[in-house]
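Hi,

Here is the structure I said I would pass on. Have a look at it first, and my notes follow below.

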Amino acid sequence: MNETADTHKPGLRAWLGLAVILGPVLLVAMDGSVLFLAMPKVTEALSPTADQALWTLDIYGFIVGSLLITFGNIGDRYGRLKLLMIGVTLFGLASLGAAFASSPEMLITFRALMGLAGATLLPSALAVLSELFVDPKQRAQAIGIFAAAFAAGFAIGPAVGGQLLSHFWWGSVFLVNLPVIVLFLALAPVLLREVEASRPGRIDALSVVLSVVGLLMSIYSVKHMAAEGVDSVTVAIGVVGLVVLAWFIKRQLGLERPLIEFSLFRDRVFTIAIITGLLPLAAWSATAYLSGVYLQSVLGISVLRAAYLTIPGALLLTVTCIVTPMLVARIGKRTALVTCHFFIAVGLLLLLPIASSGGVGWYIASTVLAGVGYGISFSLVAETAVAAVPSERAGSAAAIAETSNEIGNALGIALLGSLSVLIFRLQGPDLAGTFGETIDLPGLAPVVIDQAKDAFVNGLRVVAVAASVLHAVLGLLTLRWVPKVLADEEGAAPDDEGPKAAVADAVAPGGAEEAGVR
């Protein structure tokens, strides 16, 4: 028994390989949030319109989320390490282009390319990581570290961006990626080995096009109407987008190997888990971005101090993500899920007392309390989703859970960000479409500036209340739909591999293929 355990015990190469893989993982997650504090500087330098500012923030997340499963298939067909190397190289080149972009259109284009590269990294990194850790328990531990690093990347992105902006120009938030990328390209060929799938699946190109086009058209319509008002062309684009998404869903239901297995949503626990993957990231990304503008442009706080103010919430979020497995062992998944939603709901409501004249203490309290909920959700979603479905569908469940995180991050900026823009249009001085554009106008009277600030703060409050209500509703649905003891928790022995092993097996060499995903 001991000889077997020693045989499967990962050596120095495995742990060094994990450390190398975590570099790109941190970058992919961090670049989803690094612009939250940088946007005021980007606005000053490039003067984007309301639409362009929102697209700059969320095109990255939409591209990553839309293509994650597709690139999982491509990696299966052509080699995961090869795709990982190509993706990291493209990520570096796109980061370089974004750093020196001279117009909003250029920045959006390079952010889209970064998203394309990011979509190649996550599934390939997980698959390559699984080759390093043969033993299922050790592999599950490594994937837990992988998940914590991903959550940490989201959390520390604003702080890193703020630190860089206090010393350098706004493009530095992208150049910081390059040293990590160079180190990865140098060490990966030495420490990592190729992982070839035994049964590569066919990629349905039409499904890829339908998902991306439908999503982008629908979101564009919402964003444009919030910033510019309702017109027939924008409504038509939105309707077409929804029709394309409906076509995508219908097509998935008829495919033998769909990109997304929508039939899994018939399970209520799975549905709750996936929404828990999407909604907290939507709330977090929207409030983090709007709070960054609030701290700098409304309260006049320097970008460095604003970065420091994000640290307590980011630290608590990361620590909570790490300790959640121990918490779940004590209180169970159902209680943890409910706790996560109500912590976020109450934390968001702590933004209500903020004002254009002050409210830093309320902001910190909000990020700290909500950070506990965010940390639980980030750590728990994939495991709960996989445990809710039969083992042969674990790969599909893990892929959908991973995708829900990225789509949630992008939807938060797109939909909740558009809601704040709408409130500003209704209550602001009606001189420009956004708060940033308004306060940049020359010769504004103090009373007009105060009106613009109050309108922006009201928009942030409305977003906080809307997200809080959604989390409260989801918490109540969790109480109603999720059993007190989930199936994977019944009679689990201390050495039971459990759902973490299922997640690990789903990304092991050939595991996703065996589960009917790739």
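Before anything else, a term: a residue is buried if its relative accessible area is under 20%, exposed if over 50%, and partly exposed in between (1.4 Å probe, protein chains only). This is a predicted model, so local features need pLDDT of at least 70 and side-chain atom pairs count only at pLDDT 80 or more, while totals for chains, interfaces and linings use all residues. Residues are numbered from 1 along each chain as its sequence is written, and side-chain values use heavy atoms, with hydrogens and water left out.

The overall picture: the protein chain has 20 helices and zero strands (DSSP runs numbered from the N terminus, H or I of at least four residues for helices, E of at least two for strands). Of its 518 residues, 58% count as buried. Taking contacts (heavy atoms within 4.5 Å) with a separation of 6 or more, 84% are between residues 24 or more positions apart.

How far to trust it? The mean pLDDT (the predictor's confidence in each residue, from 0 to 100) is 81, and 85% of the residues reach 70 or more. Over residues 506-518 the pLDDT is below 50, although the model gives this stretch 48 contacts beyond near neighbours in sequence. Where pLDDT is low, the predicted coordinates should not be read in detail.

Now for helix α14, residues 333-349. Its 17 residues should span 24 Å at 1.5 Å a residue, and the end C-alpha atoms are 25 Å apart, which agrees (the expected span is 1.5 Å times one less than the number of residues). Buried residues in α14 include Leu337, Cys340, His341, Ile344 and Leu348.

What does α14 pack against? The axis of helix α12 (residues 268-298) comes within 12 Å of that of α14, and the two cross at roughly 20° (axes are lines fitted to C-alpha atoms over the stretch in contact, with angles from 0 to 180 degrees between N-to-C directions). That makes α12 roughly parallel to α14, a label for angles under 35 degrees. On the α12 side the contact is made by Thr276, Pro280, Ala283 and Thr287, and on the α14 side by Leu337, Cys340, His341, Ile344 and Leu348.

Ser420, in helix α16 (residues 394-427), is buried, with a relative accessible area of 7%. Beyond four places in sequence, Ser420 is in contact with Leu290, Gly459 and Val463. Val240 sits in helix α11 (residues 232-254) and is partly exposed at 40%.

Cheers

Key
Parallel < 35°, antiparallel > 145°, perpendicular 65-115°, else oblique.
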